[in-house]
Amino acid sequence: QVQLAESGGGLVQAGGSLRLSCAASGRAFSTYAMAWFRRGPGKEREFVAVINWIGGSAHYADSVKGRFTVSRDNAKATVYLQMNSLKPEDTAVYYCAAARKQYKLLSSDCEEADFGSWGQGTQVTVSS
């Protein structure tokens, strides 16, 4: 099992930027796909972005495509989510997640069941 800890959330005005970080420990980070999900007020948790374990291929939800960028630093066992041009509807608790299986490639149709470890979440609030 891997332990995940998010950081970097906060309050930002619409149009602003934030970078979230997720530090991992406990297993071979570089062999697992990593993802970001979010849960907005009164909403179900939804997929945001995923980055695969090899080649850094990334996939995004349509709602964030072109504004958010997911990246990873395997040497630091950390995954990042750079969020630009933030909108009030991006307000949510953001969670990082590690894939349940090693070497599995994931895309934008991945589901929560594909992930075996979750962080505690970090709050992002975008004011209008």
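Predicted model: local features only at pLDDT ≥ 70, side-chain atom pairs only at ≥ 80, totals over all residues.
This briefing walks through the fold, sheet, core, cysteines and a few backbone details of the chain above.

Residues are numbered from 1 along each chain as its sequence is written, and side-chain values use heavy atoms, with hydrogens and water left out. The chain has 11 strands and zero helices; here helices (H or I, at least four residues) and strands (E, at least two) are DSSP runs, numbered from the N terminus.

**Overall shape**

- The order of elements along the sequence is β-β-β-β-β-β-β-β-β-β-β.
- With a radius of gyration of 13 Å, close to the 14 Å from the globule rule for 128 residues, the chain is as compact as a globular protein of that length. The radius is taken over C-alpha atoms, and the rule is 2.2 Å times the number of residues to the power 0.38.
- Along the principal axes, the C-alpha atoms fill a box of roughly 40 × 25 × 25 Å.
- Buried residues make up 45% of the 128 in the chain. Buried means under 20% relative accessible area, exposed over 50%, and partly exposed in between, using a 1.4 Å probe and protein chains only.
- Taking contacts between residues at least 6 apart in sequence, 60% join residues at least 24 apart. A contact means heavy atoms within 4.5 Å.

**Strand pairing**

- An open sheet is built from four strands in the order β1-β3-β8-β7, with antiparallel pairing. Its edge strands are β1 (3-7) and β7, each of which pairs on one side only.
- On average, neighbouring strands of this sheet are turned by 15° against each other, direction ignored. The axes behind such angles are lines fitted to C-alpha atoms, for helices over the stretch in contact, and angles run from 0 to 180 degrees between N-to-C directions.
- Two strands count as paired if DSSP finds at least two bridges between them. β1 and β3 are antiparallel over five bridges, and glutamine 3 stands opposite serine 25 in β3.
- Strand β2 (residues 10-13) runs parallel to β11, joined by four bridges. Here valine 12 faces valine 126 in β11.
- β11 also pairs with β9, in the antiparallel sense over three bridges; the bridge partner of alanine 92 is valine 124 in β11.

**Nonpolar core**

- In soluble globular proteins, nonpolar side chains tend to be buried together.
- The largest nonpolar core holds 39 residues, of which Trp36, Leu81, Met83, Tyr94 and Phe115 touch the most other members. Such a core is a set of buried Ala, Val, Leu, Ile, Met, Phe, Trp, Tyr and Cys residues joined through side-chain atoms within 4.5 Å.
- Strands that each supply at least two residues of this core include β3 (18-25), β4 (34-39), β5 (45-51) and β8 (78-83). β9 gives the most, with six residues.
- Beyond its neighbours within four places in sequence, phenylalanine 115 has contacts that include Ala33, Phe37, Val50, Leu106 and Cys110.

**Cysteines**

- How many disulfides does the structure hold? There is one, with a disulfide being a pair of cysteine sulfur atoms within 2.5 Å.
- Cysteine 22 and cysteine 96 form the bond, with sulfur atoms 1.9 Å apart. They link distant parts of the chain, 74 residues apart: cysteine 22 in strand β3 and cysteine 96 in strand β9.
- The torsion about this S-S bond is about 45°, so the disulfide is right-handed. Both cysteine 22 and cysteine 96 are buried.
- Cysteine 110 is buried at 7% relative accessible area.

**Positive phi values**

- Serine 85, in the loop between β8 and β9, has a positive phi near 50° although it is not glycine. It is partly exposed at 41% relative accessibility.
- Tyrosine 103 is in the loop between β9 and β10 (115-118), and this non-glycine residue has a positive phi near 60°. Its relative accessible area of 47% makes tyrosine 103 partly exposed.
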